[in-house]
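I opened this entry to keep track of what I looked up, chain by chain. My notes follow the display.

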Amino acid sequence: MTVDHSTNKSRIKDSGYSMIELMAVLVISTIIFLGATLAISTFFLKFQELQRISVLNREAFNCMQVIKHGVTVGIGGKTQFMGVINADEAELTGNYVEGGRTALLLKPPTSHSEYSAHDQIKIFLSEGHVRYEQYVFGSEGTTSRERYIFPKRVNTKNQIMEVTKLVFRNGNPTANNIKIVKVELEARVEISRTNKTTRNYHTVRYETFMAIGKM
Amino acid sequence: MITKTSCKDSGFTLIELLAAFAIVLSALVALFVGIQFAERQIYKNYHNRQAMLIASGELEYQYYRKVIYGNFSVDNSGFGDSIILDDSKRFRVNANISRRFQSKLSEDNFALPQTTVTVEVSWREPAEDNKTRTVRLIEDYYDSRP
């Protein structure tokens, strides 16, 4: 059977997209896609940044409250809070910085039947963390337990939050006995990295007075 | 035999495409408005927390004054009359601190001498169109027990 191609060809409609149309569609699609990607990635970066700042604000504030009201110390059902407001004595120790010290030693009420004579808690700054050591109910407790108040201990590589300043001062410099303590806390969180070495931080600063329990 | 007459020449009209773009654009704008709002809220919370700590610190200082020196003091305060709440690159916020002392007898059966100490920390909040915000903490102190 023979086919007359010339007859059929004349009946086919010469339709479709031209190269110019295809190129235009490609260019417009690419621009829209890039724009949307940029906008959404910016959104997620900003969201992450705000989330980190929010956590820093909250955790730094909580740290100040813990220093004031106390950390939970003791073992099993025999636990207490030990902090500035329920201490009998306070002593500034640690390194000197900006007219203050980086550590605060607190002694609980000696009249309290559960505490032994040498019980104490030390709150201090160490390698970007607010930490504490305890000697309570005549024991240091389990030494393997890491005692971090703020920020929580994580893998060093993933440590994005750090305390840059913790200063304890005598609230009344003219008095010898410390009855009121001024606490200043400065902490920062990494919010972005420009490159491998340059990091951008957001910093918060809190300060307040805390009167010790026994005047 | 090949024919194209059965193919419908359809697609999106320009109006439909514009409508789709407008919807996507408004969604993106909404995202960024949300982010802006969240950012302002975070800064407001930070200033509130800082003011709260300063006000509570001032109350602690007045308590200390009362116990050690026997009286409250407007002049001898912990923070003075003003303090910087925020000195970041983005905002610089100054706050004013005020104290009020009101002495009276307690309203219970004991009628104890009582002093109500009010500490106010006020500032203009840049994250809220410079509206004045105030944190006010009040505490009662009793001089003695019967």
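How many residues of chain B are in contact with chain A? I looked this up in what is a predicted model, and found 26 residues of chain B in contact with 26 residues of chain A. I then sorted the chain B side by class: 16 residues are nonpolar, six are polar and four are charged.

Next I checked confidence. The predictor assigns the complex an ipTM of 0.85 and a pTM of 0.85. For chain B the average pLDDT is 88, and 92% of the residues score at least 70.

I went on to the helices. In chain B, α1 covers residues 14-69, which is 56 residues. I get 81 Å from its first C-alpha to its last, close to the 82 Å expected at 1.5 Å a residue. G70(B) follows this helix, with a positive phi near 85°.

In chain A I looked at α2, residues 19-69. Just after α2(A), G70(A) has a positive phi of about 115°. I listed the buried residues of α2(A); among them are I53(A), L56(A), A60(A), F61(A) and M64(A). N57(A) and K68(A) are also buried.

Last, the core. Which residues touch the most other members of the largest nonpolar core? They are A60(A), V181(A) and L185(A), in a core of 61 residues. The element that gives the most to this core is α1(B), with ten residues. Leaving out residues up to four places away in sequence, I noted that A60(A) touches F150(A), L185(A), A187(A), V204(A) and Y206(A).

Terms used. Residues numbered from 1 in each chain as written. Chains lettered and ligands numbered in written order. Predicted model: local features only at pLDDT ≥ 70, side-chain atom pairs only at ≥ 80, totals over all residues. Helix = DSSP H or I, 4+ residues; strand = E, 2+ residues; numbered from the N terminus. Expected span 1.5 Å × (residues − 1). Contact = placed C-beta atoms within 7 Å. Nonpolar A, V, L, I, M, F, W, Y, C, P; charged D, E, K, R; others polar. Buried ≥ 20, exposed ≤ 12 C-beta atoms within 10 Å, placed from the backbone. pLDDT = per-residue confidence, 0-100. Core = buried A, V, L, I, M, F, W, Y, C linked by C-beta atoms within 7 Å.
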